[in-house]
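I opened a new notebook page for this protein. My plan is to look things up one element at a time.

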Amino acid sequence: MSLSGTEPKPSGLNRLAAPLRAAFGKALGSALDLALPPLCPACRELVGGNGLCAQCWSKLTLIAPPYCERLGIPFAYDPGPGVLSMQAIADPPAYRRARAAVRYDEVARNLVHALKYGDRIDLAPTAGTWMARAGRELLSDADALVPVPLHWRRLWTRRFNQSA
């Protein structure tokens, strides 16, 4: 993967590898690993199993408390409950609360772009787990969770709505 954030499109075979490994189990999974070795979804380096390589994992920053109650921006220290960040005070958003699973840095950007534009739907379960954990508090109070509609032209080119 290049440093510019663009990533080469994975081959059709590599996109099929993860579901095939899950379907065939350990016996045929080993043979499949020889033919289609598991790759880090962020940098495309070989990994020992499913998931990120150690170098990419160490660069990924999961967001956890303490953070701004409105924007979800992490604080360097715990200022106490209900404290808002300077950004939330200076320019209050139209919404009450927002959360993100990870900081949007190089590794996170590559993963998001791979899912949204690179046809890497194999990343959806991992990203979904991270987002569900980050938004657990918001979801517990919600009446419904509704995906953002995707314009039909974008749906046609991407072939799926990543928010759904």
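Which are the buried residues of helix 5? I found Ala-127, Trp-130 and Ala-134. Buried means under 20% relative accessible area, exposed means over 50%, and partly exposed lies in between (1.4 Å probe, protein chains only). I looked down the axis of helix 5: its buried residues fall within an arc of 65 degrees, so they line one face of the helix. The arc is taken over the directions from the helix axis to the C-beta atoms. Their cover includes helix 2, helix 4 and helix 6 (136-140).

**Ground rules.** I noted that this is a predicted model, where local features need pLDDT of at least 70, side-chain atom pairs count only at pLDDT 80 or more, and totals for chains, interfaces and linings use all residues. Residues are numbered from 1 along each chain as its sequence is written, and side-chain values use heavy atoms, with hydrogens and water left out.

**Whole protein.** I looked up seven helices and zero strands. Both are DSSP runs numbered from the N terminus: helices are H or I with at least four residues, strands are E with at least two. Of the 164 residues, 27% count as buried. The protein exposes about 11,100 Å², and carbon and sulfur atoms supply 61% of that. Accessible areas come from the Shrake-Rupley method with a 1.4 Å probe; for residues, only the protein chains shown count as cover.

**Helix 4.** I turned to residues 106-117 next. Helix 4 has twelve residues and reaches 16 Å from its first C-alpha to its last, close to the 16 Å expected at 1.5 Å a residue. The expected span is 1.5 Å times one less than the number of residues. Its buried residues are Val-107, Ala-108, Asn-110, Leu-111, Ala-114 and Leu-115. Down the axis of helix 4, they fall within an arc of 165 degrees, so they line one face of the helix. They pack against helix 2 (54-59) and helix 5 (124-134). Just after helix 4, Asp-119 takes a positive phi of about 60 degrees.

**Cys-40.** I found Cys-40 in the loop between helix 1 (12-35) and helix 2. Is Cys-40 buried or exposed? Cys-40 has 0% relative accessibility, so it counts as buried. I left aside neighbours within four places in sequence and listed its contacts: Glu-45, Val-47, Gly-51, Leu-52, Cys-53 and Cys-56. Contact means heavy atoms within 4.5 Å.

**Salt bridges.** How many salt bridges are there? I count three. The rule wants a side-chain nitrogen of Lys or Arg within 4 Å of a carboxyl oxygen of Asp or Glu.

- Glu-137 and Arg-97 meet at 3.1 Å, N to O. Glu-137 is in helix 6 and Arg-97 in the loop between helix 3 and helix 4, 40 residues apart.
- Arg-97 also pairs with Asp-141, the closest N and O atoms being 3.4 Å apart. Asp-141 lies in the loop between helix 6 and helix 7 (152-158), so this pair ties together parts that are 44 residues apart in sequence.
- Arg-120 and Asp-122 meet at 2.8 Å, N to O. Arg-120 is buried, with a relative accessible area of 5%. Asp-122 is partly exposed, at 26%. Shared partners join Arg-97, Glu-137 and Asp-141 into one network.

Glu-137 is partly exposed at 37%. Arg-97 is partly exposed at 24%. Asp-141 is exposed at 54%.
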